[in-house]
Amino acid sequence: LTVSDYSKRILDVSHVSASARTAVLYNGADHMLDAVSRPETLFEFGLEPQRFVVIFGSPKEYKNVEVVFRAFRDPRLAGQTLVVVGEGEAALRAAGLTPSPGALFVGPIDDGRLRALYEHATCLAFPSKTEGFGLPPLEGMLLGCPAVVAPAGAIPEVCHDAALYAAVDDPAEWVDAIAMIASDPELRAAKIAAGRIRAAHFTWARAGQRL
């Protein structure tokens, strides 16, 4: 069993598991609905609704957070705060990454705080160069958070047209996509609606039935 058609192909070409004997079992995202949202999180971190973008910080090269750090040096995103969940600033700098000025590092947080961030963010930025599945965009979309993602790995398979896409190596495309979500209410509403529909397909009950 594996979590996407993309992973199934990689397992096949890597001679780990032949395609004919491998089945796809998608993850669920609806565990986020079990978390009680903690809206006071915004006050704790000094954030305003729809004035910040969430990203998961990681020093791993394939997570590609540097392209978003570079995008947030563009003055067009001056009205948005980049909120980095997970790894702290010191760990990312130690890995050779250069966080953008004004980035807010909130560290590892529980699902209640994460749900509040998803529910009030401008969008989620997910720039990975590859993913076997890519869970955060679905978590966010299920809670009404539009996603700007890279067209890499299993991400397009999971997100389809419910997300906006930006190239893995082009900060300008990330600026454009985030700025569009922030400034175009109709586009944002359309992506929120499409995202909820898409994410609703990925439930743990469905995964259990498939298993």
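These legends accompany close-up views of a sheet and helices in a predicted model. Local features need pLDDT of at least 70 and side-chain atom pairs count only at pLDDT 80 or more, while totals for chains, interfaces and linings use all residues. Residues are numbered from 1 along each chain as its sequence is written, and side-chain values use heavy atoms, leaving out hydrogens and water.

**View 1. Meet the open sheet of six strands, ordered E3-E2-E1-E4-E5-E6 with parallel pairing.** Strands (E, at least two residues) and helices (H or I, at least four) are DSSP runs numbered from the N terminus; two strands pair if DSSP finds at least two bridges between them. At the edges, E3 (104-107) and E6 (164-165) each pair on one side only. Inside the order, E4 (residues 123-126) joins E5 (residues 147-149) over three parallel bridges, with Val148 in E5 as the bridge partner of Ala125.

**View 2. Here H8 lies across E1, E4, E5 and E6.** Its direction runs at about 170° to E5; axes are lines fitted to C-alpha atoms, for helices over the stretch in contact, and angles run from 0 to 180 degrees between N-to-C directions. Contact means heavy atoms within 4.5 Å.

**View 3. Now look at H8 (residues 171-183) packing with H9 (residues 185-199).** The angle is about 100°, with the axes 5 Å apart, so H8 and H9 are roughly perpendicular (65 to 115 degrees). Met180, Ile181 and Ser183 in H8 meet Pro185, Leu187, Arg188 and Lys191 in H9.

**View 4. Finally, H6 (residues 135-142) packs with H9 at about 115°, axes 7 Å apart.** Leu138, Met141 and Leu142 in H6 meet Gly195, Arg196 and Ala199 in H9.

Key:
Parallel < 35°, antiparallel > 145°, perpendicular 65-115°, else oblique.
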